[in-house]
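Here's a quick briefing to read alongside the sequence and the 3D view. Have both open before you start.

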Amino acid sequence: MKEDLKLLSVVIPCFNEAENIPVLLDRLLAMRQGLSDLTDVEFIFVDDHSTDDTPAMLRQLSEQFHFVKFLRLSKNCGSHIAIIAGMAHSKGDAAVFLAADLQDPPEMIASMFAKWKEGYDVVWAVRQERLGVSKTSLFFSNMFYFLLNRMTAMKFPSMGADYALIDKRVVKGLVDSAGSKPSLIALIVWLGFKQVELLYVKEERKFGHSKWTLSKKLNAFADAFVGFSYLPMRFMSLVGFVAAFCGFLYALFVV
């Protein structure tokens, strides 16, 4: 069992989410009220250099509520860097990260908090089902995690996860070890803290469209694969050995 949680930080990356923010805020405030007897909650919105009304709305919220913080990145860097930037400014004993697109239910934070109290350092919200997603997207998503589990020495949530609660020790390790192109999920798994999974249904996006394109998914896989798998190094070593051996045979032939 862990000590009482004095402050919970909720980090929310945003990119052109002006339509979703009012609805998301209502649900976050209701969640915060539900946890008011157990802990205080702060919200850290990180704007990934949006081009709509998102920055103005978030700035207004930070002025209206003392428990709302607003950060804006100087350029569009992607959700993983936005989350890590928010984590670096968090003050909580634990922190949650979730998207602003209303697909990850904030109401689940209470269940994640309960698991943290049991002694887990990482509580994954694992997608049992995804509503409103094409079969192609599901295929690539499942293949992403299947290949990572087969080609690395780490154990990833098999159904995929991009929503989690992590202890402050994990937050520190994550911020300290993040590079210029971090693979957020892989970094958390690699840190090796005590982990548990909770299943949930990922809701259908209500406003706007997903910014998680196929090219971004492929780049994310490449970053995770190269950063956390020994296969690329072993493959290059094998290529080097074969090339050297062929060169040696050719040298014998010339002699």
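How does D40 count by relative accessibility: buried, partly exposed or exposed? D40 counts as partly exposed, at 37% relative accessibility, where buried means under 20% relative accessible area, exposed means over 50% and partly exposed is in between (1.4 Å probe, protein chains only). This is a predicted model, where local features need pLDDT of at least 70, side-chain atom pairs count only at pLDDT 80 or more, and totals for chains, interfaces and linings use all residues. Residues are numbered from 1 along each chain as its sequence is written, and side-chain values use heavy atoms, with hydrogens and water left out.

**The chain as a whole**

- The protein chain has nine helices and seven strands; helices (H or I, at least four residues) and strands (E, at least two) are DSSP runs, numbered from the N terminus.
- Of the 255 residues of the protein chain, 46% count as buried.
- Accessible areas come from the Shrake-Rupley method with a 1.4 Å probe, and for residues only the protein chains shown count as cover.
- Take the contacts in the protein chain between residues at least 6 apart in sequence: 80% of them join residues at least 24 apart. Contact here means heavy atoms within 4.5 Å.

- β1 and β2 pair in the parallel sense, over eight bridges; two strands pair if DSSP finds at least two bridges between them.
- In that pairing, S9 stands opposite E42 in β2.
- β2 also pairs with strand β3 (residues 68-72), again in the parallel sense, over five bridges.
- Two bridge partners in β3 to click on: F70 for F45, and K69 for I44.
- β1, α1 and β2 make a right-handed β-α-β unit. Right-handed means that, with the strands pointing away from the viewer, the path from the first strand over the helix to the second runs clockwise.
- From β2 the chain crosses through helix α2 (residues 54-64) to β3, and this β-α-β crossover is right-handed.
- Why is strand β2 (residues 40-47) largely enclosed by the rest of the structure? Because seven of its eight residues are buried.

**Salt bridges**

- The structure holds 13 salt bridges, each one a side-chain nitrogen of Lys or Arg within 4 Å of a carboxyl oxygen of Asp or Glu.
- Side chains of opposite charge can pair when their charged atoms come close.
- R32 and D40 meet through their side chains in a salt bridge (2.7 Å, N to O). R32 counts as buried because its relative accessible area is 18%, while D40 is partly exposed.
- K202 forms a salt bridge with D104, with the closest N and O atoms 2.7 Å apart. That pair links distant parts of the chain: K202 sits in strand β7 (residues 195-202) and D104 in the loop between β4 and α4, 98 residues apart. Both K202 and D104 are buried.
- E118 and K115 are joined by a salt bridge between their side chains (3.6 Å, N to O). E118 is partly exposed at 42% relative accessible area, and K115 is partly exposed at 22%.
- Salt bridges with shared partners tie D104, R127, D162 and K202 into one network.

- N16 isn't a glycine, yet it has a positive phi of about 55 degrees. N16 sits in the loop between β1 (7-14) and α1 (21-34) and is partly exposed, with a relative accessible area of 24%.
- L102, also a residue other than glycine, has a positive phi near 70 degrees. L102 is found in the loop between β4 (94-97) and α4 (109-117), and it counts as buried because its relative accessible area is 1%.

**Surface spots**

- F245, F248, L249 and L252 form a nonpolar patch on the surface, with about 410 Å² of accessible area together. Patches are made of residues with over 30% relative accessible area and no salt bridge, with like charges joined within 9 Å and nonpolar side chains (Val, Leu, Ile, Met, Phe, Trp, Tyr) within 5 Å.
- One of the patch residues, F248, lies in helix α9 (residues 231-254).
- Q128 lies in strand β5 (residues 122-130) and counts as partly exposed, at 48% relative accessibility.
- The C-alpha atoms of Q128 and A161 are separated by 9.7 Å, and these residues are 33 apart along the chain.
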